[in-house]
Structures are given as C-alpha cells and as structure tokens.
Amino acid sequence: MPIFSAPDGTRLACHVRGAGEPLVVLPGGPMRASAYLGNLGGLDAHRQLVFLDLRGTGHSAAPEDPATYRCDRLVDDVEALRRHLGLERMDVLAHSAGGSLAVLYAARYPERLGRLALITATPWALGLPATAEDRLAAARLRASEPWFADAFPAFEAWLSGTGGFDPTFIPFFYGRWDDAARAHADREEDETDDEAADRYGADGAYDPDATRTALARVTAPVLVLAGEVDGGPRPGLARRAAEVFPAAEFAVQPGAGHYPWLDDPEWFVRRVARFLRTPD
C-alpha cells in the first residue's frame with residue numbers, strides 16, 4: 001500500500017489493483033474510504049487502478065486542520081498523488097461526490113489531465129445540485145419493486161425534512177437490491193468519516209462560475225456516465241454537466257442506480273474501458 005505526503009504533511013494512502021497504465025480513482029461518499037469501489041466491476045483487468053483514500057478515510061491519516069477536508073482544498077492531495085506516481089498527465093475516474101473534486105482538479109490543472117470519467121458524479125462544483133424532486137422522480141421509477149410501498153413514504157419524508165434517515169429507502173440508491181447491494185450498503189457507515197463529510201462542501205468549497213470558465217480550457221476527453229434510475233444525478237442533470245466540457249461524451253447505463261458497477265458489471269466495464277482506450 002503506497003504512502004505519500006500531502007503538501008501540508010498529512011500522510012495519504014492509495015491502493016493499487018491490476019496492471020497496465022494507471023487510472024487514478026477518486027471516491028465519493030463524500031469522504032468514504034475507497035474500499036467501497038471494489039475493483040469497479042472488473043475494470044482492473046483493463047487498467048491499473050490507483051484508489052486514493054482521501055485524508056481522514058481508509059488508511060490515510062486525519063489532518064491537523066479539519067478545514068482541509070473541504071473539497072477545493074483536497075485538490076492539492078490529488079496533485080500530490082500525480083507527483084508521487086511520476087505521471088506527466090494522468091487519467092482520472094471519479095464517483096459521486098468525488099466528481100466535484102475531479103472537476104475542481106480539472107479546472108486547476110487542465111494540463112495534467114489525460115482522460116476524465118465521471119461516474120454518477122454529483123455536480124455540486126458546477127452549481128448543479130440534485131433536487132428533492134429529482135430524487136423523488138427517480139424513486140417513482142421503482143414503483144413495481146416489492147419494497148417500494150414501505151420505502152417511498154420514508155424517502156419522501158426525509159427529503160422534505162419531516163423525517164430522519166431511514167434504512168428502508170436505501171434500495172433507491174441501487175439499480176438492483178440484491179445480496180451484493182445489501183452488503184455494500186451495510187459497510188457505508190463504517191467506511192465514512194462523518195465529520196469530514198460535513199466539511200466537504202462547506203462555505204467556499206465551490207465557485208461554479210469560476211469553475212465553468214476554467215473548464216473551457218480543458219481539452220481532455222471526458223465521459224459523463226449516468227445511471228438510468230439514479231436520482232443524484234438524474235440523467236438529465238448529468239447531461240447538463242457534460243455540456244460544460246468542450247470534449248465530453250455522455251452515456252446512460254440502463255437500469256443502473258448510483259453504483260453502476262454493481263448493477264451490471266459487464267456493461268459498466270465495457271463502456272468505461274472503451275472510453276479509456278480511445279485514441280486522442
């Protein structure tokens with residue numbers, strides 16, 4: 001397990017799986033240890049996956065200054081990883097909340113980016129948050145599921161602020177609510193640093209107008225992949241995020257929720273690998 005130092009001295013860890021050209025992977029959560037990503041459905045058969053444990057998560061140390069959990073300040077950690085790997089340019093895959101970190105990295109270091117894959121990425125950094133109605137509209141697509149009748153009222157109450165978080169609605173985040181999804185969901189609490197997550201999007205983390213302006217300089221190819229039944233973001237919102245980039249392609253994985261490599265690993269790996277190996 002490689003260990004390296006962030007600019008402020010915080011010791012950071014990354015995990016390497018597979019062989020070949022490195023692909024740096026940024027986890028979501030926010031601030032969930034990278035272990036939840038597994039091998040991304042078998043993507044490690046195509047590329048060497050380098051999973052970064054963000055500071056305070058997984059095997060990375062907690063910083064002395066908790067304010068450095070803020071998303072824009074984590075950009076320095078991503079750049080430190082590139083330097084550690086000795087890469088002139090690096091390909092990056094980011095999931096969920098990690099998408100905003102990847103977008104901020106692309107805006108600050110466009111010349112260091114080879115390819116960027118944004119997987120069900122939350123586009124907070126672009127000023128495009130998923131709304132409660134987005135999530136409810138996606139949830140209604142699951143009305144035929146046996147668990148829907150119990151889960152939807154609790155989900156609606158949580159999103160309206162009239163109810164607390166209820167595990168009964170976790171299936172809405174997965175395209176298939178099976179044993180693999182249950183096991184994956186059961187690990188979330190242990191793998192997430194809640195204090196760090198609260199600080200990830202703190203005031204000052206995002207400047208959407210400045211980020212959009214900076215992204216106009218990004219010539220790297222970008223893939224924005226959405227899940228058909230994901231509510232955060234829904235495909236329409238993900239498409240709007242793709243339109244910000246000069247050279248982006250957009251794809252929707254059929255039947256997928258927020259963790260598409262679990263819902264249909266073969267489809268996910270085939271689509272992402274094709275993007276990653278397309279010549280510039």
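**Note on cysteines and salt bridges**

1. A search of the whole structure turns up zero disulfides; a disulfide here is a pair of cysteine sulfur atoms within 2.5 Å. Cys-14 is in no disulfide, and the nearest cysteine sulfur, that of Cys-71, is 19 Å away. Cys-14 counts as buried because its relative accessibility is 0%. The terms are set as follows: buried is under 20% relative accessible area, exposed is over 50%, and partly exposed is in between (1.4 Å probe, protein chains only).

2. This is a predicted model, in which local features need pLDDT of at least 70 and side-chain atom pairs count only at pLDDT 80 or more, while totals for chains, interfaces and linings use all residues. Residues are numbered from 1 along each chain as its sequence is written, and side-chain values use heavy atoms, with hydrogens and water left out.

3. The count comes to 19 salt bridges, a salt bridge being a side-chain nitrogen of Lys or Arg within 4 Å of a carboxyl oxygen of Asp or Glu. One of them joins Arg-55 and Asp-8, with the closest N and O atoms 2.8 Å apart. Arg-55 is buried at a relative accessible area of 2%, whereas Asp-8 is partly exposed at 45%.

4. Arg-55 also forms a salt bridge with Asp-77 (2.7 Å, N to O). Asp-77 lies in helix 1 and Arg-55 in the loop between strand 4 and helix 1, so the pair ties together parts that are 22 residues apart in sequence. Helices (H or I, at least four residues) and strands (E, at least two) are DSSP runs, numbered from the N terminus.
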